[in-house]
Amino acid sequence: MLYDSQGLAVTTDSPAAIAQINRFIDQALSYGKEAEDAILKAVIADRTCAIAHAYAAAYFLCQENANDRQHATPHLKAAQRHRPETTREQWYIQAIAAWAVGDIDEALRLHWAIAQDYPQDLLSVQQGQYHHFYRGDATNLLRLAETVLPANQSKPYLYGMMAFGLEQCGDLSQAEAIGRQAVALNRYDPWAQHAVAHVLETQGRVAEGLAWMESHADTWESCNSMLYTHNWWHIALYYLALGDLQMVLRLYDTHIWGKANKTSPKDQVGAIATLLRLELRGVNVGNHWQELAPYLHQRLHEHTLPFQDLHYICALSRAGYSDWVTEMLDSLNHVATVKASRQKTWSDIVLPAAKGMVAYANGDWTAAVTQLKPVLPQMPDVGGSRTQQALFQQLYQKALFHCEHGDGALSSLSRVPLRKQPSGYKLSALSA
């Protein structure tokens with residue numbers, strides 16, 4: 001029995017495994033790009049270490065795609081086979097097993113139990129917050145971090161978790177204060193930086209928010225592609241607010257999609273959200289939809305997160321892949337009737353919203369309004385931040401405008417052409 005960097009007992013006698021587990025903990029909490037390497041090396045160091053296998057399974061499940069779920073399966077089985085000695089490890093393995101079969105209620109019950117009895121386990125807290133986030137449950141996302149705060153006063157990463165929860169709950173002044181405190185303690189905390197960005201954007205402090213994020217952009221080189229592209233997406237939103245649409249497209253080409261992991265669902269969603277927002281401002285995004293859409297083909301039947309599905313189907317519609325759209329709608333019809341986990345969310349919210357997104361993408365404004373209007377109040381249940389959720393309302397308002405004023409007033413989704421920048425373009429603000 002050895003102890004990890006959080007002071008928690010781990011069922012292993014391998015110092016090498018502990019070293020890599022500690023590296024994984026830091027990488028996971030900092031959204032680092034070496035998390036996978038670290039946890040796979042921990043498994044190699046001790047193939048009987050159950051918690052290392054459970055961490056590996058959680059890492060792959062978090063990618064939210066069918067291919068990585070297959071990678072998670074053998075690790076989960078190994079974690080269950082090599083039963084650990086501690087209750088904390090057993091509960092964590094059970095939580096990941098529940099997640100793997102879609103039982104998020106049970107997974108959350110176990111993450112809460114760990115928070116109560118083993119509050120030092122910030123990986124478990126992070127995982128529990130992740131589930132609350134994709135259920136639109138900001139209250140419990142914050143409460144989970146608050147529960148473990150007394151035991152983690154000296155751990156900067158928890159302050160970033162707190163800040164984001166406070167922002168999602170609307171406590172903007174506290175969110176900003178704690179987020180800035182987290183970054184003061186650790187400049188390389190992209191999640192805390194991101195929480196402050198949400199606050200400044202919500203308050204309309206555009207110039208201040210842009211300066212804040214650009215001043216920390218150099219720290220994102222060590223991030224995984226999800227948070228790297230997402231934080232650049234936040235910079236793009238500031239430029240969008242300033243009306244610099246050319247810069248938004250440059251950021252898309254150089255960072256948001258240009259440096260994305262093209263097969264990552266979360267990176268794909270960020271790219272889709274950027275293009276939709278550009279089109280809402282009248283930008284002709286050219287062939288960007290056609291460049292992105294082929295990467296979405298493998299998403300048609302995955303249905304891991306409803307928030308993601310709504311982006312995929314709109315993107316495929318904008319790209320003109322009508323056969324794939326029909327196939328995905330048929331698949332959504334099926335999952336809405338058989339998916340045990342949150343069946344009503346899929347049937348009563350996701351399916352009509354998906355039809356509304358398709359109608360919007362095809363310029364069928366009446367159908368878009370008809371499908372989207374009844375579900376808009378429930379859309380937070382599909383997950384995403386308040387900033388991400390705002391897109392659904394914006395699309396609805398655009399469709400409603402067309403219905404009320406006719407296509408003569410705003411005659412299409414794409415009217416302002418922008419020249420695509422060469423791949424070697426450098427952002428002057430960050431070149432120093």
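Contact here means heavy atoms within 4.5 Å. This is a predicted model, so to speak: local features need pLDDT of at least 70, side-chain atom pairs count only at pLDDT 80 or more, and totals for chains, interfaces and linings use all residues. Residues are numbered from 1 along each chain as its sequence is written, and side-chain values use heavy atoms, with hydrogens and water left out.

Q: Which residues does Ser 331 touch, not counting residues up to four places away in sequence?
A: Start with where Ser 331 sits: helix α18, residues 322-338 (helices are DSSP runs of H or I, at least four residues, numbered from the N terminus). Skipping residues up to four places away, its contacts are Leu 300, His 301 and His 303.

Q: Is Ser 331 buried or exposed?
A: Buried means under 20% relative accessible area, exposed over 50%, and partly exposed in between (1.4 Å probe, protein chains only). Ser 331 has a relative accessible area of 11%, so Ser 331 counts as buried.

Q: Which side chain makes a polar contact with the side chain of Ser 331?
A: A polar contact is a pair of N or O atoms within 3.5 Å; within protein, one must be able to donate a hydrogen and the other to accept it, and residues adjacent in sequence count only if both atoms are side-chain atoms. At 3.0 Å, the partner of Ser 331 is His 301.

Q: Which residue caps the N-terminal end of α10?
A: Helix α10 covers residues 172-185. A side-chain oxygen lies 3.4 Å from the backbone nitrogen of Gln 174, and that oxygen belongs to Asp 171.

Definitions and conventions. Helix = DSSP H or I, 4+ residues; strand = E, 2+ residues; numbered from the N terminus. Expected span 1.5 Å × (residues − 1).
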